[in-house]
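Here are my notes on the model you sent over, point by point. Have the viewer open while you read.

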Amino acid sequence: EWSASWDKEWGSIQSRNILSDEMSLDEIRAQGITSKPVPLRNVMEIKKTPLGEIAKWKSRLVVQGHSGNVRKFEHYWETFSASPNIATTRLMLTLVAQFGYHRGNVDIETAFLWGNLPKNERLAVKLKGERGFRILWGNLYGLPQADRVYTKVRNDFIMSKFNSLPGWTCKRALYDPCLF
């Protein structure tokens, strides 16, 4: 089960070009990446149903992005984490009640893997057991800036979808923290 869950995670990482091929640290430095390499690790978890039964075996490759490994202005510049606005939440719940809508949610599988890191935030990383290093091109769990990168991808997708619908016009707020 663990092997299958790791194969699924690694397949998602490869299909989205999150990591470069293995290379030496000198090759990475030649590409302008001078920050200290950051270790990666595999986190494994067994997800359970409310009744305690096994729902799925889950593996996730994460950057060990704690302050001992990753530093602001060396590995990243800005962070941002989207959080619900209480006024918007109340408005949406009012509309649900008034029109008899049903609330729901979705889970975007491997959501954070959808973003690419800006060129100035790419890192040298080391996967346990590998002899060489890799360049982290795409977003990965554990990065301090991971939510900011994903939120920008999500917002761009929503804007393009809503603005392509007849009769809909969406505009960004005057201050969008994901743009900075």
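1. What share of the 180 residues of the protein chain counts as buried? The figure is 32%, where buried means under 20% relative accessible area, exposed is over 50% and partly exposed falls in between (1.4 Å probe, protein chains only).

2. Ground rules before the details. This is a predicted model, so to speak: local features need pLDDT of at least 70, side-chain atom pairs count only at pLDDT 80 or more, and totals for chains, interfaces and linings use all residues. Residues are numbered from 1 along each chain as its sequence is written, and side-chain values use heavy atoms, with hydrogens and water left out.

3. The overall picture: the protein chain has 4 helices and 4 strands, in the sequence pattern α-α-β-β-α-β-β-α. Helices (H or I, at least four residues) and strands (E, at least two) are DSSP runs, numbered from the N terminus. Along the principal axes, the C-alpha atoms fill a box of roughly 60 × 45 × 30 Å. Of the contacts between residues at least 6 apart in sequence, 66% join residues at least 24 apart; contact here is heavy atoms within 4.5 Å. The accessible surface is about 12,100 Å², and carbon and sulfur atoms own 56% of that (Shrake-Rupley method, 1.4 Å probe; for residues, only the protein chains shown count as cover).

4. Now the sheet. It is open, with 4 strands in the order β2-β1-β3-β4 and mixed pairing; two strands pair if DSSP finds at least two bridges between them. β2 (54-63) and β4 (134-136) are the edge strands, each pairing on one side only. From one strand to the next, the twist averages 40°.

5. β1 (residues 38-48) runs antiparallel to β2, with 9 bridges joining them. The hairpin has 5 residues between its strands, and G52 in the turn takes a positive phi of about 90°.

6. On its other pairing, β1 meets β3 in the parallel sense over 3 bridges, with V38 and V125 as bridge partners. Helix α1 (residues 2-15) lies across β1, β2, β3 (123-127) and β4, at about 45° to β2. Axes are lines fitted to C-alpha atoms, for helices over the stretch in contact, and angles run from 0 to 180 degrees between N-to-C directions.

7. Helix α3 deserves a look at both ends. Its 14 residues (86-99) reach 20 Å from first C-alpha to last, close to the 20 Å expected at 1.5 Å a residue; that expected span is 1.5 Å times one less than the number of residues. At the N-terminal end N85 is the cap, with a side-chain oxygen 2.8 Å from the backbone nitrogen of A87. Just after the helix, G100 has a positive phi of about 70°.

8. Is Q145 buried or exposed? Q145 is buried, at a relative accessible area of 0%, and sits in the loop between β4 and α4 (146-163). Leaving aside neighbours within four places in sequence, Q145 is in contact with H75, Y76, E78, T79, L117 and E121.

Notes. Polar contact = N/O pair within 3.5 Å; in protein donor to acceptor, adjacent residues only side chain to side chain.
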